[in-house]
Amino acid sequence: MATQADSTTSLSFDDFKETVIQDYKIAVMSRECSLLGRREVLTGKAKFGIFGDGKELPQLAMAKAFKKGDWRAGYYRDQTFMMAIGKLTIENFFAGLYAHASLEHDPMSAGKQMGGHFGTHSVSSDSSNDLTAQYNSSADISPTAGQMPRLLGLAQASKLFRQLPDSEKEGRSINGDEVAWGTIGNASTSEGLFFETVNAAGVLQVPMVICVWDDDYGISVHAKHQTTKQDISKILAGFQRNEEENGFEMIQVKGWDYPALVDAFEKAGSIARKEHVPVLLHVKELTQPQGHSTSGSHERYKSKDRLNWEKEHDCNLKLREWMIANQIATDEELVEMEKQIKRNVREGKRRAWDAFLNPIKAEKKKVITLLDTLIKESENGQFIKPLRNQLNDEKDALKNDVISIARKVLRLVRNEEITARKELQEWVGSYIETQQPAYSGHLYNETAGAAIHIETVEPVYAPDADKVDARVILRDNFNNLFAKHPNILVFGEDSGAIGDVNQGLEGMQEKYGELRVADVGIREATIVGQGIGLALRGFRPIAEIQYLDYILYALMTLSDDLATLRYRTHGTQTAPLIVRTRGHRLEGIWHSGSQMAALLDLLRGMYVLVPRNMTKAAGFYNTLMQSDEPALIIECLNGYRLKEKMPENLDELRTAIGQVEVLKEGTDITLLSYGSTLRIVMETAKDLQSVGIDAEVIDAQSLLPFDLKKETVKSVAKTSRLLVIDEDMPGGASAYLLQQVIEGQNAYKLLDSAPQTLTAKPHRPAYGTDGDYFSKPSAEDIFEKVYTMMREVRPADFPEIR
């Protein structure tokens, strides 16, 4: 039977009076923030609001059970919890609502995320914090249930810290006693990511508490349209553990029953912490007094009876009534307390608004002074004056209002050589230079320790070096990494017992154990989620996705969570997860796709690395282990059995990130490619030479970032022609590379012929060797494409082939 929490245990007046009063103060403060926050949105001071009203009591109970070293992976209504653990002040709350681009004022994201998205700082001034000495919250994302995969890894880290005595624990764990707490709305439990996480947690048996805030709705849609039997606990009953079988502990509690909530959360935390068992804590009968968000009103979709029930069962009201009934406080005392809290919130809101607006006002004043001078000096003064007045009349001008007016005025005075114009130009340039990093910074590591600063260490070969199957180079390199770094873990489908599908991990599980080299179920999203959570807690995980085609199952977690993590926390959290997969050419629709266009668009914030062989891949793994950044490495699926020389210096090998390599020098045309296609390009370059075409071949090596030293343009300067060859679909990675070279490196002015691309056909590759030939660029395709480009230049030398 599932555990059913109740309120039969009375709270001791002496022990709990002050605690209860403090909890009530936080609940009232949080509610008042929600009410005033909605008003700020409706009056235009903030853009959007989504608040935690109606969920205050369970969050207070959760905060009581939450200990230093614990982690939260939650959703956007947990403001009361953050206030209760001392990580969110009134000013912080409103600064986030106003999008104050400052970590001092909005420590969650420096204005990059809308309010309600909470995180703590794991990194301060480029050094790691002691995570065991603080309350930890992994940074929230908006996509519903998107926090669940990460929660799995946060919890598994505790288990691994307990089971791996040689792991580096200092500042990360105290014997694995930490609990990972997840929060989710009842409707979001309909998402596949929730079910995938629940199943994986039950299999792994990790110390996790999933708290479901259940108010019977998902936006405007009732639970009867969301959940079978309208009850997530009922449909997950099969996960309940018993004496014979592992599973979840299941607890249900009413969200307005304060003593029962305290008891339920204490029980859930104790079970997870001591027994390392996952717990589902279903908090029912909650309300949402202001509806889902500021985008609409719940009066539109809730019946009068439901609205009346919500008023009567408001958790703050129920706590108030319980306090009076148990003589913890009188009505008069609470009224006075509530008045003071409301004054505090209003004052905190004012301070946050002033802190946000005053620096803008100062810049506005500077610009108006400059415009006043321009009006006097410029022959276009009559046209400048309306713009000046428009800015002056904007009482609460934002940065964009100020800079926009200034730039419009510069258009009007573009032909005038006057001092005020130059001063306004200087102000605009300086303002953009200082402000842009607040909105665009921290997408990648910006410190000297970034992986892009690690230079290449080339392989060294003995004169009589044998050639081996390329997968052996990977295997031996992984062996070196495991021996050197005790916190490295590898896990994925077939990664363990058989050493991955291509034997790149052969013997690793036998040597380093099932915890460090692990098989997992077929569940790509939570494989990546495991990696994110483990990386946040100090492990160096390598998460395997068996084939590149299957990465689509994990793409939301990769894109919305991992790739944005450093950016959305303004550099205060990072998860150095390496995602290992294999792809490019083989046989058929589902095992030789090339989803590069999607990956390049959606994974900004990660490195996307495309080594042409396993020696280069080994170098990338070694490079990434020197930094703290996430990356996707795509090994060549048809390269594991090809022969490569074994380097003598495998342990020191480094492949530079963001640097291209010239594989063959030439004078007639630059051929840019990567991955498996590169071998075909190299073979074709020899054939081209036989007909008098000397092609220069460049390996891109990494796509994000691409060619930071701008070497490709030097090749184009020599050849005056460019062809990008790629097995992605038209407009995909080839178009990206073309843009990087033509626009990013200004190669357009060096070209004597139109730059071109050669790609796969606009469909998934057909099955079989013939399917590959007619779906992706063949040697003949490349030869004829280059030949045709050269024929345009010298038709007499290159007569038509077909």
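This is a predicted model: local features need pLDDT of at least 70, side-chain atom pairs count only at pLDDT 80 or more; totals for chains, interfaces and linings use all residues.
Let me begin with the cores. The largest nonpolar core has 115 residues, and within it I210, M596 and L703 are the ones with the most contacts. If you want to know which element gives the most to this core, look at helix 5, residues 148-163, which provides 8 residues. Staying with I210, and leaving aside its neighbours within four places in sequence, we find it in contact with M148, L151, G182, I184, F194, V198, F248, V279, L280 and L281. There is also a second, separate core of 92 residues, and M29, M83, F118 and V409 are included in it.

Now I turn to strand 15, which covers residues 540-544. Why can we call this strand largely enclosed by the rest of the structure? The reason is that 5 of its 5 residues are buried, where buried means under 20% relative accessible area.

Which strands pair with strand 15? Strand 13, residues 488-492, pairs with strand 15 in the parallel sense over 5 bridges, and in this pairing G492 stands opposite E544. Strand 16, residues 578-583, also runs parallel to strand 15 and is joined to it by 3 bridges, with A543 standing opposite V579.

Finally, the pockets. The largest pocket holds about 810 Å³ of space and is lined by 37 residues, of which V123, S127, S128, T574 and D628 lie nearest its centre. Strand 3 (123-124), strand 4 (127-128) and helix 17 (524-536) each supply at least two residues of this lining, which by class consists of 9 nonpolar, 19 polar and 9 charged residues.

The second largest pocket has a volume of about 620 Å³, and of the 27 residues that line it, F356, L398, K399, N400 and Y439 lie nearest its centre. Two or more lining residues come from each of helix 4 (90-98), helix 11 (331-377), helix 13 (399-412) and helix 14 (419-440), and the largest share, 5 residues, comes from helix 14. The lining of the second largest pocket divides into 14 nonpolar, 8 polar and 5 charged residues.

How values were computed. Residues are numbered from 1 along each chain as its sequence is written. Side-chain values use heavy atoms; hydrogens and water are left out. A nonpolar core is a set of buried Ala, Val, Leu, Ile, Met, Phe, Trp, Tyr and Cys residues joined through side-chain atoms within 4.5 Å. Buried means under 20% relative accessible area, exposed over 50%, partly exposed in between (1.4 Å probe, protein chains only). Helices (H or I, at least four residues) and strands (E, at least two) are DSSP runs, numbered from the N terminus. Contact means heavy atoms within 4.5 Å. Two strands pair if DSSP finds at least two bridges between them. On a 1 Å grid over the protein atoms alone, a cavity is a set of points where a 1.4 Å probe fits but cannot get out, and a pocket is an open set with protein on both sides within 12 Å along at least five of seven lines; lining residues have an atom within 4 Å of a point. Grid points are joined across faces, edges and corners, and a volume is the space filled by probe spheres set on the points. Ala, Val, Leu, Ile, Met, Phe, Trp, Tyr, Cys and Pro count as nonpolar, Asp, Glu, Lys and Arg as charged, and the others, Gly among them, as polar.
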